[in-house]
Amino acid sequence: MINIRNAKEKDRNHVALCIAEGFEKDFSILCKNNQKVANAIAEGLNINRFYVADIDGDIAGVTAISDCNGRAAGVNKKSLIKHLGLMKGMIGALVLKEEFEGQLHYPVTTGYIEFVAVRKKYRKQGVATFMLKESMQLSNYQEFVLDVTDINENAIKCYTNIGFIEYDRIPEK
């Protein structure tokens with residue numbers, strides 16, 4: 001049975017690993033080792049913005065909902081350098097700062113869905129769909145927005161199935 005709940009501080013490393021696996025392609029530019037990526041980003045996570053899909057005590061997936069008052073992740077340059085090395089850590093800090101810390105210009109009643117990620121062994125089992133629906137209910141925002149790369153067909157299908165409507169399409173570079 002899947003239990004969706006607010007993430008706790010003790011979940012931090014599991015949340016980071018789930019993100020590293022879920023965005024493996026994106027992070028592979030910096031590092032192909034998911035555990036190293038997880039270690040590098042863990043300290044920058046604003047854990048109170050995350051929800052976890054817990055299956056029998058195992059974190060199967062995560063999602064985060066941010067808003068105009070704060071984002072789900074920030075950049076911890078020291079941690080990136082420590083775990084990825086000086087050059088990759090500095091590059092990571094530069095690239096991730098824009099992605100993680102950009103100000104959201106939505107009303108306070110709008111939640112911005114970030115970091116929808118499911119661990120590899122739990123994919124294709126409906127975890128993402130269930131997790132999204134439940135976390136949206138738990139968060140109490142009136143509206144939600146998200147963005148996804150135009151080539152991520154699985155994610156687009158998932159979001160469309162729960163009622164999201166495409167607003168704009170920008171081809172991935």
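A salt bridge is a side-chain nitrogen of Lys or Arg within 4 Å of a carboxyl oxygen of Asp or Glu. Keep that in mind. Before we use it, a word on the model. This is a predicted model, where local features need pLDDT of at least 70, side-chain atom pairs count only at pLDDT 80 or more, and totals for chains, interfaces and linings use all residues. Residues are numbered from 1 along each chain as its sequence is written, and side-chain values use heavy atoms, with hydrogens and water left out.

Now the salt bridges. By our rule there are 9 salt bridges. Take K120 and E24. Their side chains meet in a salt bridge, 3.2 Å from N to O. K120 sits in the loop between β4 (110-118) and α6 (127-139), and E24 in helix α2 (residues 24-27), so this pair ties together parts that are 96 residues apart in sequence. Those labels come from DSSP: helices are H or I runs of at least four residues, strands are E runs of at least two, and both are numbered from the N terminus.

K120 is at 43%, so it counts as partly exposed. E24, at 29%, also counts as partly exposed.

Next, R49 and D67. Their side chains form a salt bridge of 3.3 Å, N to O. Both R49 and D67 are buried. Then R5, D11 and D54: salt bridges that share partners join them into one network. Within it, D11 pairs with R5, and their closest N and O atoms are 2.7 Å apart. D11 and R5 are both buried.

On to the helices. The axes of α3 (residues 34-42) and α4 (residues 77-84) come within 7 Å and cross at roughly 160°. That makes α3 roughly antiparallel to α4, since angles over 145 degrees count as roughly antiparallel. Axes here are lines fitted to C-alpha atoms over the stretch in contact, with angles from 0 to 180 degrees between N-to-C directions.

Last, the surface. M87 lies in helix α5 (residues 86-101). At 60% relative accessibility, M87 counts as exposed. I165 is found in the segment after α7 (153-161). I165 also counts as exposed, at 76% relative accessibility. From I165 to V145 is 20 residues in sequence and 9.5 Å in space, C-alpha to C-alpha.

Conventions. Buried < 20%, exposed > 50% of the residue type's maximum accessible area, 1.4 Å probe, protein only. Parallel < 35°, antiparallel > 145°, perpendicular 65-115°, else oblique.
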